[in-house]
Amino acid sequence: MFLARVVGRVWATAKDPSLESRKLLVLQPITPDGRERGRTVVAVDAVGAGAGEVVYWCRGRESSFPFLPGEVTTDATVVGIVDQISLAQS
Amino acid sequence: MLLARVVGTVVATRKDPRLDGKKLLVLRHISAEGADEAGYVVAVDTVGAGFRERVLTVAGSSARMAQGCRDCPVDAAVVGIIDQVELDDKP
């Protein structure tokens, strides 16, 4: 799983039926210390995340598992909202 | 899922029979702001996307869960046509 910040939303009327009424978020992946890293991705929201929140998300086929037994065609899903990150001092 | 723009189509006569009747699109990855990014991909169209439209694409085995792609040899599918990308103001 990876950390990201929610930076926007995507609207799509014509889409796969399994994505109907799912919220699509634009994520900017970040490092544990909050720096942006890599290209933005679009993820389905499984936890009710909102603008500006730091979240963790998973990639690949496993991203459809939060919606079981439904088969949602997604390869990125927000599966948690981060409260706090503790990093060991190096 | 990644954002992409339809930049072309692929025609193939000899192909896996499970791909018969499926439209193949050439996609260029784009950023959330709409700028071209590195990388092209060929994806199966499941929503009726057209030339120059901005679309949403899934990759990997999730693509087989798209409508009509069950048990097909597909690892990229177009699953949505984008109406709007709304970006929050940077703090």
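Two residues are in contact here if their C-beta atoms, placed from the backbone, lie within 7 Å. Keep that in mind as you open this predicted model.

**Stop 1: where the chains meet**

Show chains A and B together. The contact between them draws 30 residues from chain A and 28 residues from chain B. Now hide chain B and stay with the chain A side. Which elements of chain A give two or more residues to the side that touches chain B? Select β1 (2-15) and β3 (41-45) of chain A; these are the ones. β1(A) gives the most, with 9 residues.

Next, color this side of chain A by residue class.

**Stop 2: a pairing across the chains**

Bring chain B back. Opposite A:Ala12 stands B:Ile82, in β5(B).

**Stop 3: inside chain B**

Select strand β1 of chain B, residues 2-10. This strand has two partners to visit within chain B.

Start with strand β4(B), residues 54-59. β1(B) and β4(B) run antiparallel and are joined by 4 bridges. Zoom to B:Ala4, and you will see B:Val55 of β4(B) opposite.

Then select strand β2(B), residues 23-30. How many bridges join β1(B) to β2(B)? There are 6, and these strands also run antiparallel. End the tour at B:Val6, which faces B:Leu27 in β2(B) as its opposite residue.

Definitions and conventions. Residues numbered from 1 in each chain as written. Chains lettered and ligands numbered in written order. Predicted model: local features only at pLDDT ≥ 70, side-chain atom pairs only at ≥ 80, totals over all residues. Pairing = 2+ DSSP bridges.
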